[in-house]
Amino acid sequence: MHWMELWKAIILGMVEGLTEFAPVSSTGHMIIVDDLWLKSTEFLGKYAANTFKVVIQLGSILAAVVVFKDRFLDLLGVRGRHPGGHPRLNLIHVIIGLLPAGVLGVLFEDYIDEHLFSTKTVLIGLVLGALLMIAADKFAKKAARTQTVDQITYKQAFFVGLMQCLSLWPGFSRSGSTISGGVLVGMSHRAAADFTFIMAVPIMAGASGLSLLKNWQYVTAADIPFFIAGFFSAFVFALLAIRFFLELINRIRLVPFAVYRIVLAVVIYFLYF
């Protein structure tokens, strides 16, 4: 594989890492950058290129595991529960949040891969997701009753899981839809973001693993360096971005991200269509 193609993998990994945990759609950004500029399908083929866009999310997953390692140890029972017996996020919350999108993702994976990985569908997702985020901030209660992730109820976890189904449409954004859903049911922006990132690990790992297993025959030995470069690039840039975003979300909330999404969609539309 030519060194220029490795640079393309690094660039796509950077795009993934910087955007995965912001409510702007990392998959949407990768599709736009790739379709309109990098053209990875020309040397990887359609199926390997789509698989790459899913698999390098594992780099971002690893970054989330590093940042939330203590939380995951708690969820797995490796560490003791919170002193004093206070309510604590547990695996049931996470499972409830994962089920809706997990089921729909398995049922409609083929359709998503075949028909939704395009710049046009991403532009639709960017705009509709932005409108949802604006609505969430507008109708959010001024004093959120759920300030931390440990105060989340099972009902809130299920509603956030339902909202995560919207992210199956590329461009809608997993974090955008789930943070919006959390805010709409009384969670603070930070609590919703924390829960979103914790849920992201198992669902992104499952989606990446399923895509890799299903399309492994389309990935050649020559493609492996491209995948590895993208993976490590996504990990490094996600590690840099995730802590910054968690500090930012409670201050600026969702509307500035929504405005960015709409502006991006309009610019891309007029430049390329």
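This is a predicted model: local features need pLDDT of at least 70, side-chain atom pairs count only at pLDDT 80 or more; totals for chains, interfaces and linings use all residues.
View 1. Look for His29, Ile32 and Leu36 on the H2 side, facing Tyr260, Leu264, Ile268 and Tyr272 on H13. By class, the residues of this H2 and H13 contact are six nonpolar and one polar, with no charged residue among them.

**View 2. Helices H7 and H9 pack with their axes 7 Å apart.** Here H7 (residues 91-116) and H9 (residues 154-164) make an angle of about 30°, and H7 is therefore roughly parallel to H9. The crossing of H7 and H9 is right-handed. From H7, the contact takes in Ile92, His93, Ile96, Gly97, Leu98, Pro100 and Ala101. H9 contributes Tyr154, Ala157, Phe158, Gly161, Leu162 and Gln164. Nine residues of the H7 and H9 contact are nonpolar and four are polar, while none is charged.

**View 3. Two of the spans that UniProt lists as "transmembrane region" are shown here, residues 152-172 and 252-272.** The annotation comes from an unreviewed UniProt entry, which also places this feature at other spans, including residues 47-68 and 89-108. Residues 152-172 are 52% helix and 0% strand, and their end C-alpha atoms are 24 Å apart. For residues 252-272, the figures are 90% helix and 0% strand, with 31 Å between the end C-alpha atoms.

Conventions
Residues are numbered from 1 along each chain as its sequence is written. Side-chain values use heavy atoms; hydrogens and water are left out. UniProt positions are given in the numbering used here, feature names are shortened, and annotations may be inferred rather than shown by experiment. Helices (H or I, at least four residues) and strands (E, at least two) are DSSP runs, numbered from the N terminus. Contact means heavy atoms within 4.5 Å. Ala, Val, Leu, Ile, Met, Phe, Trp, Tyr, Cys and Pro count as nonpolar, Asp, Glu, Lys and Arg as charged, and the others, Gly among them, as polar. Axes are lines fitted to C-alpha atoms, for helices over the stretch in contact, and angles run from 0 to 180 degrees between N-to-C directions. Angles under 35 degrees count as roughly parallel, over 145 as roughly antiparallel, 65 to 115 as roughly perpendicular and the rest as oblique. A crossing is left-handed if the near helix is turned anticlockwise from the far one by less than a right angle, and right-handed if clockwise.
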